[in-house]
There are 2 protein chains.
Amino acid sequence: MEKRVRTVGSLNAASFSVYLDDVVLANGEPARRIRIDHPEASAVIPLTRGGEAVMVRQYRYALGMETLEIPAGKVDPGEDAEACARRELLEETGYRAGELVRLYTYTPAIGYSNERIHIFAAPDVDPQSEKTDEREISSVEIIPLEALRTMVRKGEILDGKTLIGLAVAGLLEGACYSEGFRSGG
Amino acid sequence: MEKRVRTVGSLNAASFSVYLDDVVLANGEPARRIRIDHPEASAVIPLTRGGEAVMVRQYRYALGMETLEIPAGKVDPGEDAEACARRELLEETGYRAGELVRLYTYTPAIGYSNERIHIFAAPDVDPQSEKTDEREISSVEIIPLEALRTMVRKGEILDGKTLIGLAVAGLLEGACYSEGFRSGG
């Protein structure tokens, strides 16, 4: 248990805030902690009926580069996580989800953020609109699963929620390092 | 591409900083971005010779709860990622790594942080010391892999780096949702 003594600073972005807190650790020692108060988010693995993944390429400012990711975004006030996944998929890719399967909820940056990401699978998406969010998305890319597994094998997928989504959907099997690792275990 | 116009605020923790920047988006519109400048980090999946995982339970202030995770921490200035993984394993659990296998590097919070986490596997760790870091660690827990897979199946492992570590080590297979999902894909 760590208890907040006082907040000594804060920064406010459009949809979340960052605090710098003085705290007392469980052993009584003082410490200082960054704490991001972040809304929940949803991410979705969209698969076409042909078994390809619908991915987005976008510029990530904090990282200073473009990355390839599954569609995702923050849950709006009053929205539920599944509705958010549907909305983000449509806004970012122009594809519409049929059934959504809830796969997992996890915390991406447990050391400094309370963000939780809900991961869904959309196993039968269809193209609906040519329009995508040009403020955020550089391109929409339709990628066969085997090509995606090859990218993971080469370490080319940097984004954590994309890796976890593929893993909990059972789509990473064979892309990982089980043989070399298990031989020692 | 998004270009920084100016930094309008910042917060400084012991080992990383958070900035609030005014930026210009690729389409010319203005926006405001949180940007965390974070050192690299290492995480390690430590397995005993009996095939159990050595995990740590720790209080996470931003989340307000205890979580079960693989050992991990920030790379010190001048340290390399593998040395960091060895050091954090020993400090947090009292176990010493034999061979380390580098598995993957990913970005946990791509929307607001430049943090990169290097994931290693340590397939033959041995107990070395009873002393662990009481400032950070509540308990060290030795967990059979099948029990860990059951926890993932139940959604009980919240920590992203732990999920990705297990996935890229090939240790999650059978704990995921492949059948229900693939039937639609």
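In chain A, the centres of domain 1 and domain 2, taken over C-alpha atoms, are separated by 30 Å. Domain 1 covers 3-37 and domain 2 covers 41-168, with bounds that come from an automatic or database domain assignment. This is a predicted model, in which local features need pLDDT of at least 70 and side-chain atom pairs count only at pLDDT 80 or more, while totals for chains, interfaces and linings use all residues. Residues are numbered from 1 along each chain as its sequence is written, and chains are lettered from A and ligands numbered from 1 in the order in which they are written.

Two residues are in contact if their C-beta atoms, placed from the backbone, lie within 7 Å. Between the domains of chain A, 5 residues of domain 1 contact 5 residues of domain 2. Between the chains, 64 residues of chain B contact 64 residues of chain A.

The table gives residue classes (nonpolar: Ala, Val, Leu, Ile, Met, Phe, Trp, Tyr, Cys and Pro; charged: Asp, Glu, Lys and Arg; polar: the others, Gly among them).

| Residues | Classes |
|---|---|
| Side of domain 1 of chain A that touches domain 2 of chain A | 2 nonpolar, 1 polar, 2 charged residues |
| Side of chain B that touches chain A | 36 nonpolar, 15 polar, 13 charged residues |

Helices are DSSP runs (H or I, at least four residues), numbered from the N terminus. G160(A), L163(A), I164(A) and A167(A) in helix 3 of chain A meet G160(B), L163(B), I164(B) and A167(B) in helix 3 of chain B. This contact comprises 6 nonpolar, 2 polar and no charged residues.

Definitions and conventions:
Helices (H or I, at least four residues) and strands (E, at least two) are DSSP runs, numbered from the N terminus.
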